[in-house]
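Here is a short tour of one protein model, written with the cut-offs you will want at hand. Please have a look at the model first.

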Amino acid sequence: MASKLFVGNLNFKTTKEEVEQLFAQAGPLTDVFLPTDRETGRMRGFAFVTYQNDEDAAKAIQQFNGHDLSGRPLRVNAAEEGPRRTGPRPGAGGGGGQSRGGGFAPPSNDWGGDSYGGGYGGGGGGGDDRFGGGKPKGSRRNVRAKKRSL
């Protein structure tokens, strides 16, 4: 059975090879993964190391937790299995969509450009950021309430 460890507090300049070389001292590895930031491509400061067996993983936790690597004390513990995120993160905004008017409001429109979904403001209905990025949230609720009252 493979055993996965979380390695935190890594220096942002630490390479995959450095992590492999250090953790291979405790036993044979099956995988080393250093996640990078989607936007900048820079390392995120942590890694996942997978060993072939639980005994080597336990030995690595004891041996390398608090170990100094590139001037930073490592935090090593068993990785917790969580659900894989497949969609956008909560609060990350939506996608594009159609947008007419370039996202800036004409003087007669209080809520931004004439947009349909996404658009200029990053998924909040498009439009101008001066008013929160799109149409007010209450408009859809009010329409539903009016339909119910009929």
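## Ground rules

A contact here means heavy atoms within 4.5 Å. This is a predicted model, in which local features need pLDDT of at least 70 and side-chain atom pairs count only at pLDDT 80 or more, while totals for chains, interfaces and linings use all residues. Residues are numbered from 1 along each chain as its sequence is written, and side-chain values use heavy atoms, with hydrogens and water left out.

## Around S3

Leaving aside residues up to four places away in sequence, S3 touches V49, T50, Y51, N53, D54 and A57.

S3 sits in strand β1, residues 3-8 (strands are DSSP runs of E, at least two residues, numbered from the N terminus). Its relative accessibility is 15%, so S3 counts as buried (under 20% relative accessible area, with exposed over 50% and partly exposed in between; 1.4 Å probe, protein chains only).

## Aromatic neighbours

The structure holds four aromatic pairs (Phe, Tyr or Trp rings, the six-membered one for Trp, with centres within 6.5 Å; planes under 30 degrees apart are stacked, over 60 edge-to-face, the rest tilted). One of them, F6 with F48, is edge-to-face at 5.8 Å centre to centre and 65° between the planes. Because F6 lies in strand β1 and F48 in strand β3 (residues 47-51), the pair ties together parts 42 residues apart in sequence.

Note on methods: Helices (H or I, at least four residues) and strands (E, at least two) are DSSP runs, numbered from the N terminus.
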